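Please read them beside the coordinates.

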Amino acid sequence: MAEWAIKIGDSKTPGRYQDGDVVDVFNRRRTRLCHADMICHPRVNGKKVGGQLGTAYPLLEKYLQRQHRYKWERVSRTEVKRTNLWVGGEIVYGATPIEDPDRPGHIIHCDAEEHFSFRNRGFPHLMGWDRAEIHSQFVAGDITRVERNYWLAYFDHNAGALPIFGADGAEVEYGDRMKRDAATTELIWDDIETDTPLRRVDHDMMPLGEEAAPALLALALLPEQAKRLRAQGVSEPFALEYFSGDREYRTGAEGDVVTAILGGRVARHFLWITVDEFDDAEAEELKAPLTEEVAVSDEFPDGIRIIQKRKHHVDWQGKVAASLSNSANVADVEDRTKQVDIRAEETFDRSSIQQTKSV
Amino acid sequence: MAVVNTTIGTDARDYATHTLWESDDGGGDGLGNDDCTGSAYNDSAFDEAWTIDFDANSIVQTVAGGERHDGTAGSGARILATTSRTILISGANDITVTWLEIDENSTTNMNSDGAVGLNNEGDVTASHLIIHDTSGSGTKDGILLDGMASGDTVAIINNLIYDIAKSTGTGSAWVGGISEDIASLTDKTVYINNNTIHNTTNSGVGTGPCEGVHVTTGASELNIKNNIVTDTNGDTSGAIDDFDIAIADDVTNVSNNLSSDTTAPGANSLTAKSSANQFVSTSPVNLHLKSGADTFEAGTDLGTTPTGVNLDIDGFDRNAGATTWSMGAHDGDNLRGAAANNPWYHYAQQA
């Protein structure tokens with residue numbers, strides 16, 4: 001199952017988008033990876049977790065291990081060990097430059113002390129606090145003015161520190177190239193399904209908001225999972241946020257059931273429809289522009305002139321709207337003040353609705 | 001005229017992708033009346049290319065406060081490519097692209113516009129971007145300036161660009177960190193200030209050039225100050241230079257640059273300096289300045305022109321303290337005295 005976002009109405013600027021253009025497309029890999037990004041690297045108090053040494057984020061670490069080429073571990077005050085997670089092999093180095101065995105001719109170095117002091121900069125114990133908590137702790141005299149102002153400045157600017165694992169002085173981090181293919185996506189979801197009650201089959205649609213798709217996702221936090229997380233030093237409120245991705249949630253009477261409301265208002269101004277699955281190469285083709293070949297010149301260095309923003313379009317008022325139930329009609333879709341989400345109603349066969357423009 | 005602020009992301013935002021935002025005229029009327037700002041959120045990684053060419057009075061493509069990178073990859077809102085991605089700025093009005101990370105993720109099929117292509121009829125600012133990791137054959141550019149209209153100003157400031165590489169393929173393909181490819185810059189103003197460019201590579205035994213910063217067209221006002229370019233390399237038979245600058249028309253605005261070869265142009269520039277003495281780490285890549293960096297407090301004060309030049313890659317205001325500017329995208333404030341390990345020292349001093 002996959003999705004298309006279809007343009008409703010022509011762009012005002014000539015030569016841009018036309019009514020019915022297939023503007024953006026989302027296959028299963030892209031959609032599941034989008035959910036996985038948010039589930040495995042969630043927010044706490046609005047900030048991405050990470051940079052809190054000594055705090056366990058097992059799912060986040062697995063998620064990074066699945067994707068990144070390198071793992072770095074600090075092995076002394078000034079040195080790191082780099083492990084190639086894709087093909088194996090380890091090297092240890094420090095501030096003295098060495099040749100990179102994976103890229104002959106390239107010099108690498110790492111001053112571990114400076115690098116990790118920068119990574120752990122400031123006041124890591126404040127990470128994860130929100131503004132109100134910072135202010136209250138300052139008023140109570142539990143943190144200093146410097147600490148308060150540091151964190152507020154950091155809070156206003158950064159998304160959150162890159163995840164750091166391990167202990168102070170023996171830090172671990174992951175980085176470099178990332179695998180984002182379908183096979184890796186499924187492995188990430190294997191981990192999610194092992195560690196949480198979430199299931200990939202429930203995450204095959206792009207997350208739309210309550211205004212667009214008032215779907216509720218019920219999450220059951222099993223008692224043994226809560227116990228395990230508590231043993232790892234993770235508080236239960238945090239555990240709930242961890243599994244719910246810090247979205248709005250409610251606890252059940254026993255405190256062990258969470259209902260998360262998937263957020264977003266991304267449906268507006270477009271008609272999102274569900275279609276049969278396509279691979280990544282097809283995805284690029286589906287949102288390709290209509291072009292013609294021209295002589296290579298300064299204006300057209302690739303010898304290609306774009307005529308229309310999109311090559312493929314859909315007669316949505318005819319072939320799509322006509323097959324819908326009473327939940328939405330053409331006027332509803334065209335009304336920009338209304339939120340319409342018809343994705344759950346029908347899966348369209350692309351070959352029956354996809355039209356291609358010609359030069 | 002209206003101010004239209006919209007959000008981009010996958011967790012309770014206005015648009016799921018930049019592509020959708022751009023195709024909806026940034027939420028504006030598409031008639032040139034609005035000031036449109038689209039702010040990305042670090043909900044999930046973006047994986048898309050888009051061309052900004054809708055009609056607005058002004059356009060800002062940015063990352064929301066609290067969602068920005070910290071000067072290293074993977075720490076804020078980003079494009080994480082599964083096939084090469086380009087942000088092409090090709091409109092008719094003033095456009096700014098700022099604070100995004102563009103991780104080409106060693107994809108191989110970059111087009112001739114580079115990771116960020118500037119081909120606009122209006123003023124353009126490309127700032128506080130992290131652009132990195134191209135691979136494969138063919139032309140590669142981090143930021144490519146290949147179109148300006150008379151009277152326009154382009155500001156390429158406070159960017160981190162590294163590992164822009166052609167790894168295979170003979171032939172004359174060009175590789176550049178920041179490249180200019182315009183027939184004439186007369187009546188135009190160009191600022192290339194406080195950028196850090198590392199490890200631009202042209203391999204594959206080809207014949208094309210490999211340059212960290214390339215500007216060879218004389219301009220009425222060409223500003224190239226406080227840039228760090230190191231370890232430009234490869235096996236091409238073409239020129240391999242950290243800087244390839246023609247400054248015959250205006251030499252007064254070129255100064256305080258650093259190179260690891262001998263090409264850093266202008267007064268007060270430093271040459272033959274090792275990257276290992278400037279950056280904290282190159283694996284993992286952390287191009288913040290290290291203790292004892294030659295570039296630390298070796299720059300020149302640029303005040304607040306062009307807008308945003310005073311904010312370093314961490315968002316630190318170089319004018320906040322009575323300190324001398326450093327070269328490059330990072331000012332190194334964490335290296336100053338009692339504020340060691342705390343790049344937010346000057347913020348923290350606020351009452």
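1. Strand S8 (residues 101-107) and S11 of chain B run parallel to each other, joined by four bridges. Strands are DSSP runs of E with at least two residues, helices are runs of H or I with at least four residues, and both are numbered from the N terminus. Two strands are called paired if DSSP finds at least two bridges between them. Across this pairing, B:Asp103 faces B:His132 of S11(B).

2. The model is predicted, so local features need pLDDT of at least 70 and side-chain atom pairs pLDDT 80 or more, while totals for chains, interfaces and linings use all residues. Residues are numbered from 1 along each chain as written, chains are lettered from A and ligands numbered from 1 in the order written, and side-chain values use heavy atoms, without hydrogens or water.

3. S11(B) also pairs in the parallel sense with strand S14 (residues 160-162) of chain B, over three bridges. There B:Ile131 has B:Ile161 as its bridge partner. Of the five residues of S11(B) (residues 130-134), five are buried. Buried means under 20% relative accessible area, exposed over 50%, and partly exposed in between (1.4 Å probe, protein chains only).

4. In H5(A), 10 of the 13 residues are buried, including A:Trp151, A:Tyr154 and A:His157.

5. A:His35 belongs to helix H1 (residues 28-40) of chain A and is buried, at 2% relative accessible area. Beyond neighbours within four places in sequence, A:His35 contacts A:Trp189, A:His203, A:Met205, A:Met206 and A:Pro207; contact means heavy atoms within 4.5 Å.
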